[in-house]
Protein chains: 2
Amino acid sequence: MKLASYKDGSRDGQLVVVSRDLRTAHYASGIAHRLQQALDDWDFYAPQLQDLYDALNADRARHSFDFNPAQCMAPLPRAYQWLSGAAYLSHVALLRLAPGEELPAALKTDPLVFQGASDAFIGPNDDIVVASEAMGIDFSAELAVITGDVKQDTNPEDALDSVRLLMLANPVSLRQLEAAERDKGAGLVQSKPVTAFSPVAITPDELGDAWRGGKVHLALQTSWNGRKVGMCDAGPEMGFHFGQLIAHAAKTRHLRAGTVLGSGTVSNSGAEKHGRMDWPKGYSCIAEKRSMEALQKSKSQTGFMQFGDTVRIEMKGKDGNSLFGAIDQNVASLYQAQTDAVAEPEATA
Amino acid sequence: MKLASYKDGSRDGQLVVVSRDLRTAHYASGIAHRLQQALDDWDFYAPQLQDLYDALNADRARHSFDFNPAQCMAPLPRAYQWLSGAAYLSHVALLRLAPGEELPAALKTDPLVFQGASDAFIGPNDDIVVASEAMGIDFSAELAVITGDVKQDTNPEDALDSVRLLMLANPVSLRQLEAAERDKGAGLVQSKPVTAFSPVAITPDELGDAWRGGKVHLALQTSWNGRKVGMCDAGPEMGFHFGQLIAHAAKTRHLRAGTVLGSGTVSNSGAEKHGRMDWPKGYSCIAEKRSMEALQKSKSQTGFMQFGDTVRIEMKGKDGNSLFGAIDQNVASLYQAQTDAVAEPEATA
């Protein structure tokens, strides 16, 4: 099934069930008001939500309405945990290694997982609001799962069974702040400000056989200012599957229902072509593109996002239909937006 | 006022108001069931909770009962954000510097703040459950605040106004896993498994003039296996006050109501005495003690916590009364506990 949270002025939004084709929706308020409520007691709520979903798909739901992604908050608007993995090793290599340097063996057997900010996820069409372009604004096209409860020190197979829902994610990075935070040995707090999610979260069965071995075997499309820049396959090159990432995070503690865990930037390896490295699948974040340029031309040319730039992230099933709806966001200035808001009443007076 | 969350089998517990002397309590269910609910709309709920608190202190509350800290979850049992600062520079110096090395200037002007796990905080008397003693189990005596909403890019003074409640905290570290996570450049996910909090959270006015300049000017007492090991003053040597720590975290994003932010291990500088470094106020975590030994004797002698060890953390007001109640925990084995649980039905059969 497919679930979303509609904006209603509250911090958690209203849970809605969305049809498979993303055309219609129905408030779930007769079952549960908030997605976290359903996650807290999934075995009780999921079958009821599934019944409503089946009715909606069969056009039997009485109070359905046209689904509007612009009305969506993140499916889980605030979460008790956001863990960001870095499961695609070609991404790790592009961002961390000097030309010619080999990936340390430890990174191939032990995943990188960071704790991130989950108090204010943003919706698929919400602006990315940043104080200054000089901070190095970057997007990242990723997959993410929402889990149920996970036992401390569990194994990857059992961990995989805890996956309740999948989403697309766009964790925003401020690359010019990132190096300083890394050097200082602090967490990535200022440089990883906010994460946007796709309009809907979907249960794994919606993916059919594209969901296997804890990976999603489909391409993730990324467009920047309307130009397609990435079409990376999310499957084979995921170095650690979702069960492995979850088990890594649960090594020393329980994870509670509603934990959101990201895959890391979906990335495919480059190959040498006519004596020059080439990345035919493109890139899922600008930092990768800059590293590719440095490897190809010894110099990064592409700049980061500017105010007014757009990013669009989407994944289509084998039938060509959008699975999660699209993340489609603008970059906006914190202070420009505030000035506008203050100026408005005067303009209308 | 003083607030706690009583265990009731739910994930969020039942909000209770606790008397100033920590002797009696009253369910707040006539006002709000959960602390997060009150934090989401503080201006509405706080005056009502204050009225109940006043009635309880005046012995006018009709359905009061004896307060039992062992019934307590963390005051906020799960939070949308846990940020752990490192505001006491003598702690940073002890844990990060080689003998004779100076603290980098940047660390004196720009605080260290990490994102931590907040999906499953534990109560003041809950066991610290670890799979193996070899992981290097350590406590840390700290202060923490719970904030309201904080605006992106705010200043430290306004940030300080967002402080709603204060607590004591014990973020557990697994020191033998920490270095590897740091070296790998991942977050501290496995090495910072869980955080316990004091029985009650208190509003800043409960501290009187001990709360000034965004710091708590009182001593934090730490006992390990019944032996007092730390009596560190939480005030003057806090290098960044809570408003500065909050503003640092809010530099590039909003923080939402219910954000919990820790001070870092409360630590006082050593002084040279008879040609030898001495730390008369003791220590608030074992890693500090080991660094002190290395500086004094070129060798760390004290080992980390073992199963069955206890840690107690408490802060008393100028009148000698406990302000927050005590964190008082045992270290338990994940697998020993599980074996016991399985064995029990057989023993009673």
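Two residues are taken to be in contact when heavy atoms lie within 4.5 Å. By this criterion, in the predicted model described here, 19 residues of domain 1 of chain A are in contact with 23 residues of domain 2 of chain A. The two domains span 2–70 and 75–340 in the domain assignment, and their C-alpha centres lie 26 Å apart. Between them, domain 1 of chain A and domain 2 of chain A bury about 1800 Å², with 57% of this on carbon and sulfur atoms. On the domain 1 side, A:Lys2, A:Gln36 and A:Leu39 lose the most area, together 29% of what that side buries.

Polar pairing also features at this boundary. Three salt bridges are counted between domain 1 of chain A and domain 2 of chain A, along with nine residue pairs in polar contact. Strand E1 (2–6), helix H1 (35–40) and helix H2 (42–57) of chain A each give two or more residues to the side of domain 1 that touches domain 2.

The largest nonpolar core has 80 residues, and B:Phe67, B:Leu143, B:Leu207, B:Met315 and B:Phe324 have the most contacts inside it. Helix H7 (242–249) of chain B gives the most to this core, with five residues. Domain 1 (2–70) and domain 2 (75–340) of chain B each supply at least three residues to this core. A second, separate core of 68 residues includes A:Ala25, A:Leu83, A:Ala141 and A:Phe240. Beyond its neighbours within four places in sequence, B:Leu143 is in contact with residues including B:Tyr88, B:Met167, B:Phe242, B:Met315 and B:Phe324.

Over all chains, the whole structure holds 34 salt bridges. One of these joins A:Asp40 and B:Arg78 (2.7 Å, N to O). This pair crosses between chains, running from helix H1 of chain A to the loop between strand E4 (65–66) and strand E5 (81–85) of chain B. A:Asp40 is partly exposed at 22% relative accessible area, whereas B:Arg78 is buried at 5%.

A:Asp209 and A:Lys318 meet in a salt bridge (2.9 Å, N to O), and they stand 109 residues apart. Here A:Asp209 is exposed, at 53% relative accessible area, and A:Lys318 is exposed too, at 63%. In chain B, B:Arg175 forms a salt bridge with B:Asp138, with the closest N and O atoms 2.8 Å apart. B:Arg175 belongs to helix H6 and B:Asp138 to strand E8 of chain B, 37 residues apart. Both ends are buried: B:Arg175 at 12% relative accessibility and B:Asp138 at 0%.

Note on methods. Residues numbered from 1 in each chain as written. Chains lettered and ligands numbered in written order. Predicted model: local features only at pLDDT ≥ 70, side-chain atom pairs only at ≥ 80, totals over all residues. Heavy atoms only, no water. Core = buried A, V, L, I, M, F, W, Y, C linked by side-chain atoms within 4.5 Å. Buried < 20%, exposed > 50% of the residue type's maximum accessible area, 1.4 Å probe, protein only. Helix = DSSP H or I, 4+ residues; strand = E, 2+ residues; numbered from the N terminus. Domains from an automatic or database assignment. Buried area = accessible area lost by both parts, 1.4 Å probe. Salt bridge = Lys/Arg side-chain N within 4 Å of Asp/Glu carboxyl O. Polar contact = N/O pair within 3.5 Å; in protein donor to acceptor, adjacent residues only side chain to side chain.
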